[in-house]
Amino acid sequence: MNAPRWIIHLPTTLTSLGEVTALTIALRDSLGHITAIDFGETTLSEENKQFVRTRIWCDAPHDGPNRCRLPNNHPNPCTTTDGTADR
């Protein structure tokens with residue numbers, strides 16, 4: 001049996017889904033090299049509605065061990081790149 005994974009709840013002062021999604025993308029872009037963080041499973045919720053979660057990325061299995069990096073519910077086929085230029 002695998003040990004349970006832990007979740008970090010990180011409150012923000014942001015007040016819109018667009019703003020917090022942009023922050024989440026910036027965090028993934030800057031901290032994506034840390035393998036202990038599973039950005040593909042990221043969900044967002046309002047402070048007083050934490051039981052209602054919004055998934056950010058598709059994260060479907062793609063190309064062996066890789067996962068899709070496109071937004072959740074994307075219309076195009078899954079891919080392991082998010083369409084942004086390498087930094």
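The model is a predicted one, in which local features need pLDDT of at least 70, side-chain atom pairs count only at pLDDT 80 or more, and totals for chains, interfaces and linings use all residues. Residues are numbered from 1 along each chain as its sequence is written, and side-chain values use heavy atoms, with hydrogens and water left out.

**Stop 1: the nonpolar core**

Select V20, F39, L44, I56 and W57, the 5 residues of the largest nonpolar core. A nonpolar core is here a set of buried Ala, Val, Leu, Ile, Met, Phe, Trp, Tyr and Cys residues joined through side-chain atoms within 4.5 Å. Buried means under 20% relative accessible area, exposed means over 50%, and partly exposed lies in between, with a 1.4 Å probe and protein chains only. In soluble globular proteins, nonpolar side chains tend to be buried together.

Keep V20 selected; this residue is placed in helix α1, which spans residues 17-31. Helices (H or I, at least four residues) and strands (E, at least two) are DSSP runs, numbered from the N terminus. V20 counts as buried, at 16% relative accessibility. Contact, in this tour, means heavy atoms within 4.5 Å. Setting aside residues up to four places away in sequence, V20 touches T12, L14 and L44.

Which residues does L44 touch, not counting residues up to four places away in sequence? Display L17, V20, T21, T24, V52, R53, T54 and I56 around L44 to see them.

**Stop 2: a surface patch**

Next, select L31, I34 and I37, which make a nonpolar surface patch of about 190 Å². Patches are made of residues with over 30% relative accessible area and no salt bridge; like charges are joined within 9 Å, and nonpolar side chains (Val, Leu, Ile, Met, Phe, Trp, Tyr) within 5 Å. Accessible areas come from the Shrake-Rupley method with a 1.4 Å probe, and for residues only the protein chains shown count as cover. L31 lies in helix α1 and is partly exposed, with a relative accessible area of 30%.

**Stop 3: salt bridges**

How many salt bridges does a search of the whole structure find? The search finds 4, a salt bridge being a side-chain nitrogen of Lys or Arg within 4 Å of a carboxyl oxygen of Asp or Glu. Side chains of opposite charge can pair when their charged atoms come close.

Begin with R5 and D38, whose closest N and O atoms are 3.2 Å apart in a salt bridge. R5 lies in the segment before α1 and D38 in the loop between α1 and β1 (43-44), so this pair ties together parts that are 33 residues apart in sequence. R5 is exposed, at 62% relative accessible area, while D38 is partly exposed, at 34%.

Move to R28 and D29, whose side chains meet in a salt bridge at 3.8 Å, N to O. R28 is buried, with a relative accessible area of 8%, whereas D29 is partly exposed, with 31%.

Then select D59 and R67, a salt bridge with its closest N and O atoms 3.4 Å apart. D59 counts as buried at 7% relative accessibility, and R67 is partly exposed at 37%.

**Stop 4: positive phi angles**

Stay on D59, which lies in the segment after β2. D59 has a positive phi of about 65 degrees although it is not a glycine. N73 is also found in the segment after β2, and its phi is positive, near 60 degrees, in a residue other than glycine. Is N73 buried or exposed? N73 is exposed, with a relative accessible area of 69%.

**Stop 5: cysteines and H74**

Finally, display the cysteine sulfur atoms. A search of the whole structure finds 0 disulfides, a disulfide being a pair of cysteine sulfur atoms within 2.5 Å. C58 is in no disulfide, and its nearest cysteine sulfur, that of C78, is 3.8 Å away. C68 is likewise in no disulfide, with the sulfur of C78 as its nearest at 3.7 Å. C68 is buried, with a relative accessible area of 3%.

Leaving aside neighbours within four places in sequence, H74 is in contact with C58 and C68. H74 is buried, with a relative accessible area of 19%.
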